[in-house]
Amino acid sequence: MRLSFAVLVTAVTAICGAASAQTVGESDARKQLFPVKGISVQILDHSFLSEKDKDLLREVAKTQNYYAVVAVPPAEGLFSEAAFAAANFHSIPAAEKVAIQNCESKRKGGEKCVVALRVFPKGWSDQPLQLSRDATLGFDKEYKKGNGPKAFAISPSTGSWSVFKGDGADNFAIGRCNDKARSSGSKDCIVVIKD
């Protein structure tokens, strides 16, 4: 999901978001995935960010689904139209890529955009399987129910995902996932969970 950072900052201020992966089964996925509730926040220490900016980033982080990144153009600051939040991705590197690209496309000048905020799931550690918060919720509510052939596909670059149960689960899950990812200009879905 891509969000204009300016919109998020306004909302928060008014009230004070891999090319391949190993396929695993449901049991192994359960062990590797993080809870849908709770986040860990990393605010990078850039000289252009004031303590007030950092406090605001902490508030913005509370509204984001992991994995999320905020990119900011240093010369323009946090309230720039170019500042961009990318949230609900399956990894920090994917969210960073989208946040930086979008920030760079709107930056008016000065230094290149930098990452100011990263949002991880609570208790994060590097795992072979990482899913966005929404995909983790989909695993809990959709994938784990029922028996028979089933597959869970993700787009590593966009955060899109899909579950399909029944014959041909792999192909149908990938097809549905690619349909969702296509709106972001990608078609890179792969099966990461299969039973």
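I started with the side chains of strand S3: Ala 68, Val 70 and Val 72 point one way, Val 69 and Ala 71 point the other way, and all are buried. My cut-offs for burial: buried is under 20% relative accessible area, exposed is over 50%, and partly exposed is in between, with a 1.4 Å probe and protein chains only. Helices (H or I, at least four residues) and strands (E, at least two) are DSSP runs, numbered from the N terminus. I note that this is a predicted model, where local features need pLDDT of at least 70, side-chain atom pairs count only at pLDDT 80 or more, and totals for chains, interfaces and linings use all residues. Residues are numbered from 1 along each chain as its sequence is written, and side-chain values use heavy atoms, with hydrogens and water left out.

Next I looked up the partners of S3. I count two strands as paired if DSSP finds at least two bridges between them. S3 runs antiparallel to S5 (residues 114–121) over 5 bridges, with Val 70 opposite Leu 117. S3 also pairs with S4 (residues 84–86), again antiparallel, over 3 bridges; there Val 70 has Ala 85 as its bridge partner.

Most residues other than glycine have a negative phi, and most peptide bonds are trans. I found a cis peptide bond between Tyr 66 and Tyr 67, with omega about -15°. Tyr 67 sits in the loop between helix H3 (51–61) and S3. Asn 88 has a positive phi, near 70°, and lies in the loop between S4 and helix H4 (92–106).

Last, I turned to another sheet. It is open, has 3 strands in the order S7-S6-S8, and pairs antiparallel. S7 (161–165) and S8 (190–194) are the edge strands, each pairing on one side only. Neighbouring strands are turned by 25° against each other on average, direction ignored; axes are lines fitted to C-alpha atoms, for helices over the stretch in contact, and angles run from 0 to 180 degrees between N-to-C directions. S6 (residues 150–154) and S8 share 4 bridges, and Ile 154 has Ile 190 as its partner in S8. Helix H5 (residues 133–143) packs on this sheet, touching S6, S7 and S8, at about 15° to the direction of S7. Contact here is heavy atoms within 4.5 Å.
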